[in-house]
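These are my notebook entries on a structure that I am reading for the first time. Each entry records what I looked up and what I found.

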Amino acid sequence: TVQPPDQTGNYQEIQRFQPIDAPGKGDVFNFEIQMMLIWHGEGITHAQLKELVVTQKSKIFWRLHRRVTEIARGFPPHEALELEQQLRDQFAQPQTLDESVLVRWEAKFRVLPEERVREKLRPYWESRIELDSKHDLDLRQAEHVDKLTRRWSEVPEQLHGERCTV
């Protein structure tokens with residue numbers, strides 16, 4: 001059921017931002033960091049939550065922007081996944097605006113390496129995909145050979161068993 005906007009309850013607002021370009025270690029390549037804020041209001045009206053989001057979003061965005069940029073500078077440009085995990089760990093717990101308001105926010109991140117870095121990584125990943133595929137094929141062939149070997153090893157036992165019964 002949809003609650004009227006003036007009824008107190010528990011509400012949520014999701015806010016997406018334009019990607020942030022944050023320099024990686026060495027300041028030569030950037031990470032593209034996609035950020036989303038999820039706001040939770042408890043015991044307030046939906047209108048009150050929306051109003052708080054409007055008044056606080058810029059302050060929270062710039063605080064996160066500054067911190068995300070500081071953290072990104074510690075990671076080589078090809079370690080986007082490691083940076084993403086660090087950001088998730090850093091901001092895992094919902095944050096409160098202040099002690100008197102029942103509003104919390106949490107940040108979610110997605111980190112991508114710059115396009116030039118992705119192009120440099122492409123041959124490595126193509127090679128790895130090829131090696132992984134070959135390894136999987138080799139394993140399946142080994143399993144198939146193992147099954148055939150077991151079947152053939154049963155044939156003499158079956159033949160020996162038939163002679164004994166005659």
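**Entry 1. Helix α1**

I began with helix α1, where I looked up the buried residues and found Leu49, Val53, Gln56, Ile60, Phe61, Leu64, Val68, Thr69, Ile71 and Ala72. Buried means under 20% relative accessible area, exposed means over 50%, and partly exposed lies in between (1.4 Å probe, protein chains only). I noted that the buried residues of α1 pack against β1 (8-16), β2 (20-23), β3, α2 (80-90) and β5. I take contact to mean heavy atoms within 4.5 Å. The element names follow DSSP runs, with helices as H or I of at least four residues and strands as E of at least two, numbered from the N terminus.

I then looked up the course of α1 (residues 46-72) and found a kink of about 50 degrees centred on glutamine 56. The bend at a residue is the angle between axes fitted to the seven residues ending there and the seven starting there. Gln56 is also among the buried residues of α1.

**Entry 2. Basis of the values**

I record that this is a predicted model, in which local features need pLDDT of at least 70 and side-chain atom pairs count only at pLDDT 80 or more, while totals for chains, interfaces and linings use all residues. Residues are numbered from 1 along each chain as its sequence is written, and side-chain values use heavy atoms, with hydrogens and water left out.

**Entry 3. Salt bridges**

Side chains of opposite charge can pair when their charged atoms come close. I counted as a salt bridge a side-chain nitrogen of Lys or Arg within 4 Å of a carboxyl oxygen of Asp or Glu. By this rule I have twelve salt bridges.

I looked up the pair of glutamate 42 and arginine 104, whose closest N and O atoms are 2.7 Å apart. Glutamate 42 lies in strand β3 (residues 30-45) and arginine 104 in strand β5 (residues 103-113), so this pair ties together parts that are 62 residues apart in sequence. Glutamate 42 is partly exposed at 33% relative accessibility, and arginine 104 is partly exposed at 27%.

I next found a salt bridge between lysine 108 and glutamate 106, at 3.3 Å from N to O. Lysine 108 is partly exposed, with a relative accessible area of 38%, whereas glutamate 106 is buried at 14%.

In helix α3 (residues 115-165), arginine 128 and aspartate 132 are four residues apart, about one helical turn. Their side chains meet in a salt bridge of 3.8 Å, N to O. I also recorded a network of salt bridges that links Glu84, Arg88 and Arg110.

Beyond its neighbours within four places in sequence, glutamine 95 is in contact with Val103, Arg104 and Trp105.

Alanine 107 lies in strand β5 and is buried at 6% relative accessibility. Apart from neighbours within four places in sequence, its contacts are Met36, Leu37, Leu64 and Phe91. Leu64 is also one of the buried residues of α1.

**Entry 4. The largest pocket**

Rolling a probe the size of a water molecule over the atoms shows where empty space is left. I looked up the largest pocket, which has a volume of about 270 Å³. Of its 13 lining residues, the closest to its centre are His78, Ala80, Leu81, Leu121 and Trp125. The elements giving two or more residues to this lining are α2, β5 and α3.

A pocket is an open set of points on a 1 Å grid over the protein atoms alone, where a 1.4 Å probe fits, with protein on both sides within 12 Å along at least five of seven lines; lining residues have an atom within 4 Å of a point. The volume is the space filled by probe spheres set on the points, which are joined across faces, edges and corners.

I found eight nonpolar, one polar and four charged residues in the lining. Ala, Val, Leu, Ile, Met, Phe, Trp, Tyr, Cys and Pro count as nonpolar, Asp, Glu, Lys and Arg as charged, and the others, Gly among them, as polar.
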